[in-house]
Every structure is written in C-alpha cells, then in structure tokens.
Amino acid sequence: MKRLYFILAFTVFGINAFGQKTNDQKASELLSKMTLEEKIGQLVQYSGFEYATGPQNSNSANVLNEIKQGKVGSMLNVAGAQETRKFQELALKSRLKIPLLFGQDVIHGYRTTFPINLGQAASWDLKLIEKSERIAATEASAYGIHWTFAPMVDIARDPRWGRVMEGSGEDTYLGTQIGLARIKGFQGKGLGNLDAIMACAKHFAAYGAAVGGRDYNSVDMSLRQLYETYLPPFKAAAEAGVATFMNSFNDINGIPATANQYILRDLLKGKWNYNGFVVSDWGSIGEMVPHGYAKDNKEAAEKAIIAGSDMDMESRAYMAELPNLVKEGKVDPKLIDDAARRILIKKFEMGLFDDPYRFSDEKRQKEQLNNLENRKFGREFGSKSIVLLKNEKNILPLSRSAKTIALIGPFGKETSANHGFWSVAFKDDNLRIVTQFDGIKNQLDKSATLLYAKGANIDDQDRSMFAEAVETAKKADVVIMTLGEGHDMSGEAKSRSNIRFSGVQEDLLKEIAKTGKPIVLMINAGRPLVFDWAADNIPTIVYTWWLGTEAGNSIADVLFGTVNPGGKLPMTFPRTEGQIPVYYNHYNTGRPAKNNTDRNYVSAYIDLDNDPKFPFGYGLSYTQFKYSDMDLSSINLTGNQTLNISVNVTNTGNYDGEEVVQLYIRDLVGKVVRPVKELKGFQKVFIKKGETKTVTFILTPESLKFYDDELNYDWEGGEFDIMIGTDSQNVQTKRINWKK
Ligand code: NOJ
C-alpha cells in the first residue's frame with residue numbers, strides 16, 4: 001500500500017521519490033500545478049456529521065462532493081480508522097489526490113480520559129502532563145487523527161468563564177510551562193512519526209479575558225497587559241514549533257482576532273516568524289458579520305485572509321467568496337498561495353503524501369481501545385491532580401476498615417460525567433468509567449460497608465431525597481459528601497454567574513452536617529467554585545475536579561492514603577462572585593489595605609475581606625513541610641550575574657509526600673508598576689518523612705524582564721523581594737539589590 005502511494009506521488013507530482021526535496025519545495029511544486037479553486041480548497045475545513053462541537057451547518061452531500069472535487073483541505077470531528085479511511089478515499093478521487101487532514105479536540109485524553117486540564121495543572125507536574133499528551137496522541141493517532149486543537153494556553157482570571165476548565169489557570173509562567181509540556185507530548189519526536197499529532201496553540205489571543213467571564217465576549221485591554229500576561233504562552237509555543245494556531249472568537253480592542261492583522265500578520269507571522277498555519281475557530285470568520293466588523297461573508301473572508309487566517313473552520317466563507325475576491329483584485333493571490341503552502345507543508349511533514357492512510361490503522365486502533373497501561377497512568381495522574389484544601393481533624397486518610405461509610409451526593413454513581421467536558425471520543429461508553437462508588441468500594445475491607453444515597457439532583461430544587469440521605473448518614477461512621485457542579489456546567493459556552501454548588505446541594509450538606517457525623521467533602525467541578533459555608537464549617541475538603549476514566553480509583557487512592565495528595569491550586573479561589581477577578585499577581589495600588597480589617601480609605605470592599613478563600617498555589621498534604629534556612633548566594637548583584645537561591649524543606653509529618661516549592665519575586669519600583677508577586681519557578685519534590693531536601697533555584701536577569709509602556713522588554717536595576725514558599729501567600733522573603 002505504502003509503495004503504491006509512493007509511486008502515485010511520484011507520477012502525479014513528479015517529485016523526488018527519495019525525499020531529497022524539502023517539504024517547502026514539494027509544496028511549491030504542487031502549488032504550481034493547482035488551480036485557484038484547488039488552492040482555496042486547501043483552506044477549507046468542515047465538521048463531520050456524527051456529532052458537532054459548534055453550531056453545525058453542514059450539508060453532508062455537498063461536503064462529500066466537495067471533497068471529491070478537491071475543495072476541502074481538512075475535516076474535523078471525523079474519527080476512527082474506518083471513518084477517516086472513507087473520507088480519505090474521497091479526497092483521493094480528486095484531480096491532484098491531496099490527502100485530507102483530520103482534526104479533533106483531543107483536550108484531556110482521548111480513549112483514556114485524564115483529569116480536566118485545570119485539574120492537570122493542579123498537579124504542577126510537567127512530566128505527568130507531557131506523558132498524558134503522549135498517550136493522548138498515541139491513542140488519537142491510532143484513530144486516524146492527525147491534529148488536535150490543543151493546548152488551550154489562554155490565561156484566565158475569571159472563574160465564571162466556563163473554559164477555565166480547559167486551561168492551566170491564572171498564571172502566565174505556570175501556563176507557559178504547561179503549554180510547552182503539552183506541545184512536546186502531542187508532537188512527540190516530531191511530525192511524521194506515527195504516534196505524533198499536530199498541536200494547536202489556541203485561542204489567539206486573549207480569549208481568557210472575555211469581559212465578565214461571559215464566553216465569546218469582547219476583550220479590551222492595554223497592549224502592555226496583552227504582551228505581559230496573555231501572549232507569552234503563545235510566543236513560547238511558536239518558538240517551540242507548535243504546528244498550528246487557532247484564532248479566538250473575541251475581538252481585541254475592537255478588532256476581531258480572526259481579522260486582526262496586528263496579532264496575526266505583524267506579530268505571529270512577522271515578528272515571531274511563525275511558519276505553521278492558523279485555523280479560524282468554528283465559524284469565527286462568518287461571525288465577523290454579527291460582530292459588526294464585516295457587512296457580509298464576502299467582506300469577512302477578505303478581512304480574514306488578509307489578516308492571516310489560513311484555514312476556514314465551518315464558516316463556509318473562503319470557498320464561496322475567495323475566488324471572486326481574487327478575480328476582483330481585492331485579495332492578492334499570493335496570500336492564497338501562502339496559506340495553501342503552509343497547510344500543504346504540514347501534510348508533507350505528516351507523511352500523508354507517502355501514505356494518506358498511514359494513521360487509519362484498525363489494528364493500532366484496537367490496541368488503544370481500552371489500553372490498561374494508559375488507564376494505570378490515568379489513575380496515577382488523577383490522584384496527583386487532587387487538591388487537599390482542609391484536613392483539620394485529620395479525618396483523612398480514611399481507614400480501609402472503617403465500619404460503615406456513607407457516600408452521599410449526586411456524583412457518587414455518575415459514569416460518563418467523570419470524563420469531563422471534552423470527551424469527544426465517547427458515545428455510550430460508560431462501562432469503562434470507574435465510578436466514585438466503585439472506586440471506594442473496591443478499596444474497602446470486606447468487613448466494611450459502603451452505603452450510598454444520592455440526596456439531590458445536580459441542578460434542580462428537588463429536596464425529596466434529603467430524608468433518605470440523612471437516614472443513611474446516621475447509619476455511618478463517616479460520610480463522604482460528593483458535591484459540586486455538573487461536568488457540563490463548565491467548558492465552552494458554559495459561563496456561570498453563580499459559581500456555587502448547583503441546585504440544592506448546599507442545603508443537603510447543611511442537613512447532613514446536622515447529624516454531627518464526620519464529613520469528608522469532595523468537590524467535583526470544572527472551575528474554582530464559591531463554597532464559603534462549607535469552607536468555614538466542614539473541616540475536611542478535597543477538590544477533585546473531573547478526573548477521567550479512572551476517577552473512582554484515583555479518588556479512593558487519595559481517600560485511603562495510597563497516594564498522599566500534593567496538588568496545588570492553579571487559580572485563586574474567591575470568597576464570593578463579587579470578588580472576581582481576584583488573582584495573586586495584582587498590583588499594589590496607591591492605597592493598599594494592610595489587612596482584612598483595614599477598610600478606611602483603602603482599596604478594599606466595605607463588606608468583604610480582600611484576601612481570597614484559598615490562594616493561588618495552595619494545597620495541603622497528609623504530612624507537613626517545614627521551610628527553613630532560605631539562603632541567597634548574594635544580596636547585592638550586578639549585571640548578568642546569577643542568583644542562587646536555596647531553601648531546606650523538611651517533611652515533619654508522618655507520611656512521605658510531594659511538595660511544590662514555589663519561587664516568587666517582586667520588583668519594588670519600576671517604570672511601570674509591577675505585581676506584588678510573580679511566580680518565577682517551582683519544583684515538585686518528593687520528600688520522605690523525617691527527611692530534609694535542599695531545593696535550589698537559579699535566577700538570571702532574564703526573569704526580571706517586563707514590558708514597559710512602549711512594549712520594550714527589558715529589566716531595570718533596583719530592589720527585588722525574593723520569596724519562597726508553599727503557596728502564594730505563605731512565603732519567606734529576602735530583599736536584594738540588583739544593579740544593571
Ligand atoms: C470551538 C472551540 O472554541 C475550539 O476550541 C474548538 O477547538 C473548536 N470549536 C472545534 O471543536
């Protein structure tokens with residue numbers, strides 16, 4: 001088969017069969033044979049018909065015909081060895097036999113699902129994150145997928161925004177490191193390998209800053225803020241060779257990102273010299289009409305291609321409008337050539353001209369169907385993403401021989417919900433999920449009893465199950481309450497104004513608390529929730545996000561202490577919605593409050609403390625860690641010297657455990673104001689009980705750089721606070737002077 005396509009490629013394109021030409025040359029040769037329509041065809045992407053991840057308008061008969069005519073470059077939402085093969089066969093009926101690219105949202109795992117991305121970020125474990133994407137790529141590529149629309153590297157400071165579940169939280173440094181780990185995981189040893197899929201840095205740009213946390217909303221911010229907070233993960237992704245970028249839906253300062261020449265043409269393809277291609281978001285070219293930026297699809301297509309959006313996902317604007325726009329002289333044909341070339345180069349890099357079916361392999365697909373090794377990893381990853389928020393009475397870890405445990409709440413026996421929002425590779429595949437009930441039951445001693453009561457639905461006002469839940473709690477020695485928000489209450493188009501437990505779950509919790517039984521509260525959510533009553537009244541709280549295929553086992557591993565939790569919050573948890581946006585690296589203001597009671601003519605609310613409920617970087621362990629002997633190599637530095645920072649961390653408790661040691665700095669005076677803290681490094685270390693480890697960091701002037709109001713990126717000499725600690729609030733500080 002492979003040989004056949006080799007020969008085919010040879011005869012059709014006349015290219016060197018021994019691969020001596022660069023992919024760029026091959027693309028040029030191919031382009032020289034293409035009609036304008038065929039070139040534009042490469043810029044078109046449609047969704048398959050079985051399911052949609054956006055407002056679908058596909059007419060399937062037309063799409064299939066267009067593929068045969070060479071008018072389609074890529075499909076999304078077509079997956080599976082057989083299905084992708086069928087579509088590819090159609091593409092190979094076209095005049096030039098240019099294969100299709102198959103894209104899909106492989107966001108937190110594929111056949112094996114992993115914790116939602118925000119949960120993964122809570123592991124602060126770059127190796128685990130990279131490995132999870134390696135596995136996702138291996139599974140997805142075996143299902144014929146060439147390209148994932150991930151990682152989402154949008155920084156987000158507003159938990160009302162449903163898509164915080166898909167990102168790495170509020171911090172630019174952490175988000176950048178995680179984005180890079182994901183790209184490495186997806187693209188593996190390089191495109192062209194059978195288990196490597198193209199990654200996509202999305203959504204370019206500033207999607208995470210949508211006003212009010214309402215999805216698809218506008219973004220209005222200074223360029224300085226854009227450069228400092230939102231662009232670095234994208235810049236790093238471009239430098240790391242991410243294969244593609246995706247536009248964001250929002251406008252940035254009045255110009256929709258999809259037609260934003262400044263960020264696409266000048267910055268990404270200009271200054272950053274990016275040579276991959278840019279796909280629009282679903283319908284985002286056509287959406288420039290309701291945005292009020294184009295009077296019709298024709299003008300939208302013109303603006304998008306000129307700005308640098310190479311591929312049209314589901315707007316159906318490019319194929320319909322670009323041929324005329326070129327003929328009328330409104331769009332330079334060189335722009336079409338450039339966009340088509342970028343896409344063709346990726347197809348060459350993926351080896352699709354050698355064998356268009358190389359990813360559609362049923363044998364490989366079978367091996368990845370329910371891969372036990374991958375599940376084993378998922379179990380570990382799930383447990384490492386859990387964050388222990390409170391354990392005041394040391395109820396956790398639970399004893400396996402506890403006589404009677406009651407699991408109460410609407411999530412205890414949920415199946416597919418545990419996959420989380422982005423689980424596109426599943427239909428009715430509930431059997432593969434380990435429920436919370438089963439996970440706990442499997443680890444309890446035979447002599448112990450596990451009771452269950454649902455107590456409430458996820459999101460309605462029905463209190464009729466309360467009485468049974470209270471009776472169940474009364475029979476138990478310890479109650480595990482499993483509460484939160486539905487798995488489909490975060491994700492795309494799932495913004496919430498009220499980010500508390502949905503429905504009557506909080507009332508259920510209060511009823512159960514009245515029984516006086518010890519309660520372990522487990523919170524399932526795709527965002528930081530507000531749960532002030534629970535946080536003040538329930539002494540034991542674990543945050544479990546949505547953990548994927550192995551959710552029940554991961555949870556039980558933590559509850560019974562097989563795994564000592566070490567996750568840390570990647571986003572600040574607000575006290576109430578009225579405190580949003582609240583994030584750790586804010587500015588000091590001219591009137592900073594000294595403490596929570598200081599409210600007189602200071603920057604504070606008269607009715608709310610300033611500090612959050614749980615700070616960024618926060619998370620407990622079953623053991624305790626003591627920080628001591630923070631040491632700096634010097635407190636007076638000059639120019640390009642390096643600063644060595646070390647601290648001793650001692651495990652003073654009764655369990656071995658992992659700690660994420662965090663390094664923050666503050667630049668005390670700048671030509672633009674600097675945040676009160678900025679994360680500049682972190683290390684996750686395993687420390688045995690009784691053991692001390694010395695953790696060291698190296699800081700260079702590179703870490704002191706920032707964008708000034710003219711967008712110069714540099715550092716200034718002066719005083720800096722160097723802070724090391726277990727979270728963003730709990731730090732030890734030393735001051736240094738660093739002369740330029
Ligand atoms: C819209 C989402 O914003 C984007 O992230 C996703 O990749 C596409 N739909 C395709 O499903």
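**Residues inside and outside**

Student: In which helix does Leu 267 lie?

Tutor: This is a predicted model, in which local features need pLDDT of at least 70, side-chain atom pairs count only at pLDDT 80 or more, and totals for chains, interfaces and linings use all residues. Helices (H or I, at least four residues) and strands (E, at least two) are DSSP runs numbered from the N terminus, and Leu 267 lies in the run of residues 261-271, which is helix 11.

Student: Is Leu 267 buried or exposed?

Tutor: Leu 267 is in contact (heavy atoms within 4.5 Å) with Tyr 227, Leu 231, Tyr 262, Trp 272 and Asn 273, once its neighbours within four places in sequence are left aside. A residue is called buried under 20% relative accessible area, exposed over 50%, and partly exposed in between, with a 1.4 Å probe and protein chains only. Because the relative accessibility of Leu 267 is 2%, the residue counts as buried.

Student: How does Thr 652 count by its relative accessibility?

Tutor: Thr 652 is found in the loop between strand 19 (643-651) and strand 20 (657-667). Beyond its neighbours within four places in sequence, Thr 652 is in contact with Gln 624, Phe 625 and Lys 626. Its relative accessibility is 46%, so Thr 652 counts as partly exposed.

Student: What is the distance from a polar atom of the side chain of Ser 74 to the backbone oxygen of Leu 101?

Tutor: Ser 74 belongs to strand 2 (residues 74-76) and is buried, with a relative accessible area of 0%. Residues up to four places away in sequence aside, Ser 74 touches several others, including Tyr 46, Leu 101, Trp 147 and Met 311. A polar contact is a pair of N or O atoms within 3.5 Å; within protein, one must be able to donate a hydrogen and the other to accept it, and residues adjacent in sequence count only if both atoms are side-chain atoms. For the side chain of Ser 74 and the backbone oxygen of Leu 101, the distance is 2.9 Å.

**One face of a helix**

Student: Within what arc do the buried residues of helix 20 fall?

Tutor: An α-helix has 3.6 residues a turn, so residues three or four places apart point the same way. In helix 20 (residues 505-513), the buried residues are Gln 505, Glu 506, Leu 508, Leu 509 and Ile 512. Because they lie so when seen down the axis of helix 20, they line one face of the helix, and the arc, taken from the directions from the helix axis to the C-beta atoms, is 155°.

Student: Which strands and helices do the buried residues of helix 20 pack against?

Tutor: The partners come from several parts of the chain, and they can be listed in sequence order. The buried residues of helix 20 pack against strand 12 (404-408), helix 19 (466-474), strand 14 (478-484), strand 15 (519-524) and helix 21 (532-537).

Student: How much of the area that the ligand exposes when taken alone does the protein bury?

Tutor: The ligand is surrounded by 13 residues (each with a heavy atom within 4 Å), and the closest are Thr 53, Asp 105, Arg 163, His 203 and Asp 281. Oxygen atoms of the ligand lie 2.4 Å from a polar side-chain atom of Asp 105, 2.7 Å from one of Lys 202, and 2.7 Å from an N or O atom in the side chain of His 203. Taken alone the ligand exposes 300 Å² (by the Shrake-Rupley method with a 1.4 Å probe), and the protein buries 100%.

**Backbone details**

Student: What is omega for the cis peptide bond that joins Lys 202 and His 203?

Tutor: Most residues other than glycine have a negative phi, and most peptide bonds are trans. His 203 is found in strand 5 (residues 200-204). The bond that joins Lys 202 and His 203 is cis, with omega about 0°.

Student: What value is the positive phi of Trp 545?

Tutor: Trp 545 is found in the loop between strand 16 (540-543) and helix 22 (551-559), and it is buried, with a relative accessible area of 1%. Although Trp 545 is not a glycine, its phi is positive, at about 50°.

Conventions:
Residues are numbered from 1 along each chain as its sequence is written. Side-chain values use heavy atoms; hydrogens and water are left out.
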